[in-house]
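I opened my notebook to go through a protein chain, charge by charge and then surface by surface. I wanted to write down what I looked up, with the cut-offs beside each term.

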Amino acid sequence: MKLLQCIGKKVMLAGVLISMGAAYETVPALAAEMPVKPAAENSVSENALAENPELENSLPNNSVTTGNDATKKNGSIKDTLEEMGKLSGETDGQEVQLEEAGEESQEKEQPAAVSPDQFQTVNYKEEILTDWQQILDALASLTPQALTGCGEGEKTLVLQLQNVGNIPASAKDSLAPGEGGYTKILQCGLGSGVSIVLNGSADNSGFNGISNTCVSVASEKRGKKSVAATVQFASHEDIGAVVSLQVNLPQCSKGTKVSVYAETVAIDEEGNVTVGENACIGTTKAGENGNVEIPIQSTANYMFVYKGAKE
């Protein structure tokens, strides 16, 4: 009788543990905290288990084992429970790894937002570049496929930037034609409709770079019909090469004659700047939307005088 009671206790314990193991597989997060409910008054007691032959026959092999055989049977149950615990632990680990992998994947799929006021590329197709080194690397290997709105057979490639605060001297190296033999143009938007353009087909070997491209733009009426628009750089720097200054003039229609004035700037070997009066450096005609383009070799004060279009 004592042996049957002992076996009954082990069978009940196994039943409780198996139930807990099944619950652990189903709800792994709560299994460790799940309490074991005490037996109800009407539940099967240890003595009832010993006296009930049907319950005894429910054991493996429909027989009650004794001695070494009982130890083997109980050891088999124990081994099974341990294996179930291992599998449950491995499953939980896999679920955690999958969740972490999913979170990492979502982070990779959501690139950081780029502010419209930040220095960046405008028409580079693969991604928005916000660092000069990235931009120069992209410019060095530029192809038509890398630019939005660029035809397959294009030989002149224009990489557009906006909110440019400076232009490094190393830009001249990335403008070389490269393997494709393309003519590369770097259009640097400074804001307020003003851009500095470097053309790879020109001689840029002496390009010094520009440390400060900040400009202020203003326009005022001169007499009844004329308009004077000024573009003033924050500092005077010798560019060392010829670049283009592009300006979108207000109240200026296509074909309008524009007189261009510039400060006379002298910079000595020590970097001392002497600024003289504005002098007319030539005339040009406005293109689409009042755009004009003039060659410059230094950052200074430029004025554009023209007949304003009727409002």
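How many salt bridges does a search of the whole structure find? I found that the search gives 2 salt bridges, a salt bridge being a side-chain nitrogen of Lys or Arg within 4 Å of a carboxyl oxygen of Asp or Glu. I noted that this is a predicted model, in which local features need pLDDT of at least 70 and side-chain atom pairs count only at pLDDT 80 or more, while totals for chains, interfaces and linings use all residues. I also noted that residues are numbered from 1 along each chain as its sequence is written, and that side-chain values use heavy atoms, with hydrogens and water left out.

I looked up Lys 254 and Glu 288, which form a salt bridge with their closest N and O atoms 3.0 Å apart. Lys 254 sits in the loop between strand E6 (226-248) and strand E7 (257-267), and Glu 288 sits in the loop between strand E8 (273-285) and E9, so the pair ties together parts that are 34 residues apart in sequence. I wrote down that strands (E, at least two residues) and helices (H or I, at least four) are DSSP runs, numbered from the N terminus. Lys 254 is exposed because its relative accessible area is 58%, whereas Glu 288, at 48%, counts as partly exposed. For these words I kept the cut-offs: buried means under 20% relative accessible area, exposed means over 50%, and partly exposed is in between (1.4 Å probe, protein chains only).

I then turned to Glu 220 and Arg 222, whose side chains meet in a salt bridge at 3.4 Å, N to O. Glu 220 has 45% relative accessibility and so counts as partly exposed, and Arg 222 is partly exposed too, with a relative accessible area of 39%.

**Entry on the surface patches**

I looked up a positive surface patch and found that Lys 224, Lys 225, Lys 307 and Lys 310 form it. Patches are made of residues with over 30% relative accessible area and no salt bridge, with like charges joined within 9 Å and nonpolar side chains (Val, Leu, Ile, Met, Phe, Trp, Tyr) within 5 Å. Lys 307 lies in strand E9, residues 291-307, and counts as exposed because its relative accessibility is 52%.

A nonpolar surface patch of about 200 Å² is made by Ile 267, Val 273 and Val 275. Val 275 lies in strand E8 and is partly exposed, with a relative accessible area of 38%.

**Entry on the backbone**

I looked up phi of Asn 163, which is positive at about 60° although the residue is not a glycine. Asn 163 is in the loop between strand E2 (156-162) and helix H7 (171-174), and at 29% relative accessibility it counts as partly exposed. Asn 289 has a positive phi near 60° and is also a residue other than glycine; it is found in the loop between E8 and E9 and is exposed, with a relative accessible area of 61%.

How values were computed: Areas by Shrake-Rupley, 256 points an atom, 1.4 Å probe, with all protein chains shown as cover. Lys, Arg positive; Asp, Glu negative; His and termini not counted. Charge placed at Lys NZ, Arg CZ, Asp CG, Glu CD.
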